[in-house]
Amino acid sequence: MSAFLSNKVFSNISKFSREVKPLVSLRGITKKFPGVVALDNVSLDIYPGEILALLGENGAGKSTLVKILYGLYTPDKGEVIVYGEKTKILSPRHAVSKGIVLVPQTPHLIDSLSVLENLIIGLREYGVFARVDLIEDRVREIALSIGIELDPRKPVATLSYTQKQLVSIIRALLLKARVLLVDEATTLLPSREKEKFYTLFRRFTEGGGSVVLITHKVVEALRVADRIAVLKSGRLVGVIDRDRARVEDVRKLMFGKTVTNNLQVRLKRTEHIDGGKRVLEVMGLWVSRWFGDYVVRGVSLSVRRGEVVGIAGIAGNGQEELVQAIVGLVKPVRGSIRLLGVDVTGKGVELTRKLGLGYIPDIPMRYGVSIDNTIEENIAALLVRGKIIKWRRVNEFTSKLIREYDVKAPHPRVPVKVLSGGNLMKVLVSRELAIARSLLVAHNPTRALDEVSARLVRRMIREKAVGEGVGVLLVSEDLDEVLELSDRILVINSGRIVGVFDANRVERERIEELMVA
Amino acid sequence: MVYLVVLRRTKPLPYASILVPVISILLGVLLSSIILYLLASIPPLALFNLIVRSFTSPTVLKDTLILTLIGLSLVIAFKASIWNIGAEGQFHMGMLVATWIALFTPIASIPVLAKITCILAGAVAGALWAILAGVLRAYVGLDEVPVTLMLNYVAYYVLDVLVYGPWRGRFTYGYIRTDEIPENLWLTLIPGTTAHVEVLATVLIVGLAIWFMFKYTIVGLRLRILGSNPEFLRASGVNVKHMVVLALGLSGAIAGMVGALYLLGDTHRVSYPVEAQTAGYGYLGILVAWLSMLDVRGLPLAAYVVSSLRVTGITMQIAGLGGTAIVFLFMGSVLLTYTVAKVFSEYTIVIRR
Amino acid sequence: MIEELIGIVPVFATYYLVALGHGFFEKSGVLNLAIDGLFVLGATIAFALAAYTLNPWIGVIGSSIVCSLFGVFIAYVATKLPVSHGALGLSLMFLGYGLSLVVGIPVSNYVYAKALNPSTYTVPATDTVLVVLLASSILIGVVLHYVLDRTKLGAMIKASGEDPHVAEALGVDVVRTRVIAGVIGYALIGLGSAYFTLVWRSGWDPKIYLLGHGWIAFAISLAAGRQPILTMLTASLFAGLVRHQYVVQVALGLSTEIAKMLPFIVALASMTLFYVTPFKRKMASPKSLGKPYYREERTV
Ligand SMILES: Nc1ncnc2c1ncn2[C@@H]1O[C@H](COP(=O)(O)OP(=O)(O)O)[C@@H](O)[C@H]1O
Ligand SMILES: [Mg+2]
């Protein structure tokens, strides 16, 4: 059936001698978006039986590349050759019919539909009036073959993140994929689960299929991939065999020379935090998403003046809801939140903002900016206190931020939508850092940033705490970031705080264990 | 096989804000003339002649002013992405309250103050009627389009109840309608036209105020952000519910004001059944607002074009069709072509084979 | 009693079919604001065809066909192009009003000139006909429920309504799916609107564009969370109210105008009720209803 279940094993796959024809080739692919060239004349071959790691910093164009292969994006130039034949991939349906399947980072599944419904809609062999449960047996069989248990009649909303990703894998197998495009789908998984996925991918390639694995963890890529391709600002800057690749070389390709050296600058810490006043106090907080379905379960925590409290955890363990409750975007069911001693529980963002809260949201396009408005207007919306806007002042301030944070924008009056993801994030982060007076709530503040900008932002956050005594609640899926920035580290799992660590006495393994448990 | 792909332009189409309305008006008129030719055998040339003549008709100025005001009302709401389709009802509520003051209160006899009171009361009534929809939208979560639309019907019938019953006049020659309002309330004609000085003044004052609001005030900025990303507005510490109610309230206030002005300047009384007598300004205003590309400065021109089309419809009596049919056709076709044409200001279509 | 119930059938069939079609179409994510205009157009076309051919069933079929063509148009344009669903729907609403007047007035004159008795071109309201009407409407509702709940097509439609981007990524042809929903939905709207002139009203009224029955059907569908089976309930409620408007009017001592207002007020009230109760959570609108769809939309 699918490549991985068949027994055909290609010989000599790791060498990729030129006798083996590529499954898929890209020739001179170019794709432009407003304000950015996402892919610039990229040519790449994908061979049968290989795991090809696609590396590159944020915004390098990795997702764009696989989305083109999967028919989600239309390239401006260049061609795609599938099994030796020039092909215009018009849609995911079309891609699937060629055996190309994408497994994205945020699951492409419809929450309110059952697993079966989510799966059958992509199966061309069934007519439109086919009953959904016709595929139940097949789905259960495949689930069993990769060693997972789940009830495919249940709505996807009831599944955990890991289970959702596994459903995507089941889907790929159900669709008899030959080329699996894995876009950061493993990045957020706990390490044990991650290994399981890698084993699956290996089995898949042993059956003659190929996997394009997107990640930004260099070490991991070197361990699991056969070849490594590196994208930088939309250009393919190198393709290396695993045997010949060294971590430093790959890093250099990804980031350029300068960064690699100053990766380990120590950040300043606030002294005598213990004496500081509590800026934020959260007591026994419960937040529900749907009726009766609690996602935050009795969280208590506090942040003092000048302190950075980091919350480590795997995505989807209640971080989003916790942050939104503190900011005032959702009403908690029980518990209390105090900001500067004022009870702000369920009182809305108006109050928390008035008390000097800065907020860097996880989903910038939703809560952080209005992309149809200009940079200037996005700044003015939070900065202007009076009723009348003095545009000259706003303009000066905006220009200053643009300079300080090196935002690539022609001038402050362009709409935010012409900025690339990283620059958009910089506008947002610089604004929130500028307005935070008591507490900064930062949720994945550097996710969309390249390494240099991420360094800058981390330093600014630290300086905000040390220099101005602002308390910082840092919620991040990047454990390294949490470890680097925090004075105190809390571990969240299934909506509960399951561990508290002092920055001086962290045990990384113990934290990871708690995150997964 | 030919396959059409829609792509966002990397640079916006130059002159889109002029090209889009002009092209959609031309294509829209063309579409209606084709429909009228095919279904009612109206010769396109005769129709075009009539349209051209309508542009210089002496009655156009009156409609232009009124529609500019309704356009202003709707631009406020539309910029905030609040689709107020209820200007028609808000207009009639304004008319209702103005009628009441003019006919049944002592204020009516005080010069100047009477007019101002009528107009302001009309604004308040229109605002309240719109706020009803605003509250349902903000606090209950009901889509404002069906709500404002249904409230139009309710407004018609409320006025009908009054005119048919308690407000029916004594000197109506058998018609079911109210008495005429006192003459000291009538608006002043601009010589040589059917338009009124007071309406022109209102256009200037309200127009300037709204232009200033959107350009230089934080409320204006917030309304615009409400239109593009309400979630961000909420996260920035603004009470979005209040903003929704405010947008509808302001919008309704202007529409209600126009209802009062129309009574004082034009009809001087209300006739039953209201829904059959209406000029449909509330609906025409939707077209005006969109054709202006939601730019206050473009409103008078858009209003002028729509007024001329309306005059064409009214003068057209060939084939026994009432003017209503043709006005609807014009509105529908121009709005349709506008909706599609607007896409091309931001997107292009490429053909893949 | 039975008589009164039978009397409700034409009203029920009209409202139910229109609301069903509307709800089915909206499940696919296209905001359907054209409903009232195209309801009026369908009713007019049914009347015109029936009067010219003296065969009501040609009117019924013709109305369904014309309306489903509009359904195709709306679904295609609203999905292929990132347009405002609201503007598109309203423009077709006005076009519907305009077209129906252009088509209807000459036919109305023709009927008048020929002194055609409505019984020569409308559906005879015999008990058998009404029972068949009722049974077929309910059957259609049950079939739609089955399609939405159990079949691949239903899953495709719901997926397109919840999130067209994800649906597309899962292998759904969103354009095609919505076009199918548009054809079926608007065929039913056409059917229901034909019943309006040919069974319920037995004739055409030049003020037809002022009646707002399409909006009432809109509210009926919304107040039932667009669920075919529940819609049966809300449709009967409104049918009873409208059919027995006069009874209600006398019973409550209302004037005619207030009675005319009543369906709209009840419609607003029932939508509000639906939204403030936990029903809303259970039967929420499709998440992407009315959102312009651009395939290559930015997410980062
Ligand atoms: N649909 C889109 N519209 C506009 N810009 C986009 C879109 N998708 C990606 N981009 C931009 O293209 C660049 C590359 O993005 P992406 O391929 O997602 O990067 P990566 O996956 O390597 O982090 C970024 O600057 C991003 O902001
Ligand atoms: Mg990516």
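Trainee: In this predicted model, which element gives the most residues to the shell around ligand 1?

Mentor: Two elements of chain A give two or more residues to that shell, strand E2 (36–46) and helix H1 (62–69). Among the residues that come nearest to ligand 1 are Lys62(A), Ser63(A) and Thr64(A). The element that gives the most, with 3 residues, is H1(A).

Trainee: Why is the site of ligand 1 described as shared between chains?

Mentor: The shell holds 18 residues, with Gly59(A) and Gly421(A) among those that come nearest. By class, the shell divides into 6 nonpolar, 7 polar and 5 charged residues. The site is shared because the residues that surround ligand 1 come from chains A and C.

Trainee: How far is an oxygen atom of ligand 1 from an N or O atom in the side chain of Thr64(A), and how much of the ligand does the protein bury?

Mentor: A backbone N or O atom of Ala60(A) is 3.2 Å from an oxygen atom of the ligand, and a side-chain N or O atom of Tyr73(A) is 2.9 Å from a ligand nitrogen atom. For the side chain of Thr64(A), the distance to a ligand oxygen atom is 2.5 Å. Taken alone, ligand 1 exposes 560 Å², and the share buried by the protein is 92%.

Trainee: Which residues of chains A and C have side chains that meet in a salt bridge at 2.6 Å?

Mentor: The contact draws 39 residues from chain A and 30 residues from chain C, and about 2800 Å² is buried between these chains, with carbon and sulfur atoms giving 57%. Across this interface there are 15 residue pairs in polar contact and 2 salt bridges. The salt bridge with an N to O distance of 2.6 Å joins Lys31(A) and Glu296(C).

Trainee: Which element supplies the largest share of the side of chain A that touches chain C?

Mentor: On that side, helix H2 (92–97), helix H3 (115–120) and helix H15 (421–435) of chain A each supply at least two residues. The largest share, 3 residues, comes from H3(A).

Trainee: Which residues of chain C lose the most area to chain B?

Mentor: Here 50 residues from chain C meet 50 residues from chain B. The buried area is about 4500 Å², and carbon and sulfur atoms give 80% of that. Together accounting for 15% of what the chain C side buries, the residues that lose the most are Phe94(C), Val102(C) and Glu257(C).

Trainee: What polar links join chain C and chain B, and which element gives the largest share of the chain C side?

Mentor: The count is 3 residue pairs in polar contact, and there are 2 salt bridges; one of them pairs Arg8(B) with Glu297(C), with the closest N and O atoms 3.2 Å apart. The elements giving two or more residues to the chain C side are helix H3 (56–80), helix H4 (85–113), helix H9 (213–223) and helix H12 (256–276). The largest share, 13 residues, comes from H4(C).

Trainee: Which two residues of chain B are joined by a cis peptide bond?

Mentor: Most peptide bonds are trans. The proline involved lies in the loop between helix H10 (240–267) and helix H11 (274–277) of chain B. With omega at about -10 degrees, the cis bond joins Tyr272(B) and Pro273(B).

Conventions: Residues numbered from 1 in each chain as written. Chains lettered and ligands numbered in written order. Predicted model: local features only at pLDDT ≥ 70, side-chain atom pairs only at ≥ 80, totals over all residues. Heavy atoms only, no water. Near = heavy atom within 4 Å. Polar contact = N/O pair within 3.5 Å; in protein donor to acceptor, adjacent residues only side chain to side chain. Areas by Shrake-Rupley, 256 points an atom, 1.4 Å probe, with all protein chains shown as cover. Helix = DSSP H or I, 4+ residues; strand = E, 2+ residues; numbered from the N terminus. Nonpolar A, V, L, I, M, F, W, Y, C, P; charged D, E, K, R; others polar. Contact = heavy atoms within 4.5 Å. Buried area = accessible area lost by both parts, 1.4 Å probe. Salt bridge = Lys/Arg side-chain N within 4 Å of Asp/Glu carboxyl O.
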